[in-house]
Amino acid sequence: FHSNLITYMTKKIWYKTLGVYLCLNGMFLILGLSSFEVPGDKYDQTLHAIGKMLNIQHYAPKKMDDSLSSLVYTDYLKRMDADKSIFLQSDIASFEQYKFNIDDEVNGAPVEFFYKVIAKYKTRIDELKKESADWFKGPFVFKEDGSEIYYPENKSFPVNAKDRSKTWISRIRYNILENYVEGKDARDLSKIDSIKNKTNELILSEAIDVVKKQYSKILEQYASLNNDDELFSIYANA
């Protein structure tokens, strides 16, 4: 068995933005936002235009009310942090005031929720990049009886940064263990001296290096999602 965590986290970042990003780029051109004579910035204007288009052209339009606002609120936060490893509980508490306001934004009120979320998102990603220096300090000692337990799915957002780091470290630990076991299996089956003569310590060191590079790439990809247009695409798609 090999975990697909790294692939999943990488794909999640890009798949959730690509289609709607291309769509919104087209909308910016088609709608000629620069010529709109309505108040607000381009995101206000775009969201209002989307609301009008949904009411007119959607095959099954829904009433723009608090019920729909709540659904969008939940979906948007899931798109931004599906595995609850970025935002803190205090962030979610601060977002709650906007839970039933999204329909108002679509119907013409100024866009506020989007700006609140992306500002906090960028702050949290910066924190994670700084915290990541401590994630690989170890020591990484595993039980030889195979009783290591896979990290559980987060049922709630972390209470604080320390709690959040525990989540990341648990994932890292599991991925290192996977690579370590695979390396030992490869050694035991190999007929090549340079592989079959590897010590457990060397295999573990190599496993740590591999996972460290993988998580560095994940954080880079999270950090690269800092263009406001791309982030707004996620909001508009929700």
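Helices α7 and α9 lie oblique to each other, where oblique covers every angle left over once those under 35 degrees count as roughly parallel, over 145 as roughly antiparallel and 65 to 115 as roughly perpendicular. This is a predicted model, in which local features need pLDDT of at least 70 and side-chain atom pairs count only at pLDDT 80 or more, while totals for chains, interfaces and linings use all residues. Residues are numbered from 1 along each chain as its sequence is written, and side-chain values use heavy atoms, with hydrogens and water left out. Welcome to a short tour, starting with the chain as a whole.

**The chain overall**

- The chain has 10 helices and 0 strands, both taken as DSSP runs numbered from the N terminus (helices are H or I with at least four residues, strands are E with at least two).
- Of the 238 residues in the chain, 42% are buried; buried means under 20% relative accessible area, exposed over 50%, and partly exposed in between, with a 1.4 Å probe and protein chains only.
- Among contacts with a separation of 6 or more, 78% link residues 24 or more positions apart, a contact being heavy atoms within 4.5 Å.
- The chain's accessible surface is about 13600 Å², and carbon and sulfur atoms hold 55% of that; the areas come from the Shrake-Rupley method with a 1.4 Å probe, and for residues only the protein chains shown count as cover.

**Helices α7 and α9**

- Helix α7 spans residues 161-189 and helix α9 residues 200-224; their axes come within 8 Å and cross at roughly 135°.
- Those axes are lines fitted to C-alpha atoms, for helices over the stretch in contact, and the angles run from 0 to 180 degrees between N-to-C directions.
- On the α7 side, the meeting residues include Trp168, Ile172, Ile176 and Tyr180, and on the α9 side they include Ile203, Leu204, Val211 and Tyr222.
- By class, this contact has 14 nonpolar, 4 polar and 3 charged residues; Ala, Val, Leu, Ile, Met, Phe, Trp, Tyr, Cys and Pro count as nonpolar, Asp, Glu, Lys and Arg as charged, and the others, Gly among them, as polar.

**Helices α3 and α10**

- Helix α3 (residues 66-80) packs with helix α10 (residues 228-237) at an angle of about 140°, their axes 9 Å apart.
- That angle makes α3 oblique to α10.
- The crossing of α3 and α10 is right-handed.
- From α3, Tyr76, Arg79 and Met80 meet Leu231, Ile234, Tyr235 and Asn237 of α10.
- The contact of α3 with α10 has 5 nonpolar, 1 polar and 1 charged residues.

**Two serines in α3**

- Ser69 is found in helix α3 and is buried, at 1% relative accessibility.
- Setting aside residues up to four places away in sequence, Ser69 touches Tyr98, Lys99, Phe100, Asn101, Ile102 and Asp103.
- Ser69 and Lys99 are 30 residues apart in sequence, with their C-alpha atoms 6.4 Å apart.
- Ser70 lies in helix α3 too and is buried, with a relative accessible area of 17%.
- Beyond residues up to four places away in sequence, Ser70 touches Lys99 and Phe100.

**Tyr121 in α6**

- Tyr121 sits in helix α6 (residues 113-131) and is buried, with a relative accessible area of 1%.
- Apart from neighbours within four places in sequence, Tyr121 contacts Met80, Ile86, Phe87, Tyr222, Leu225 and Leu231.
- Tyr121 and Tyr222 are 101 residues apart along the chain, and their C-alpha atoms are separated by 9.7 Å.

How values were computed
A crossing is left-handed if the near helix is turned anticlockwise from the far one by less than a right angle, and right-handed if clockwise.
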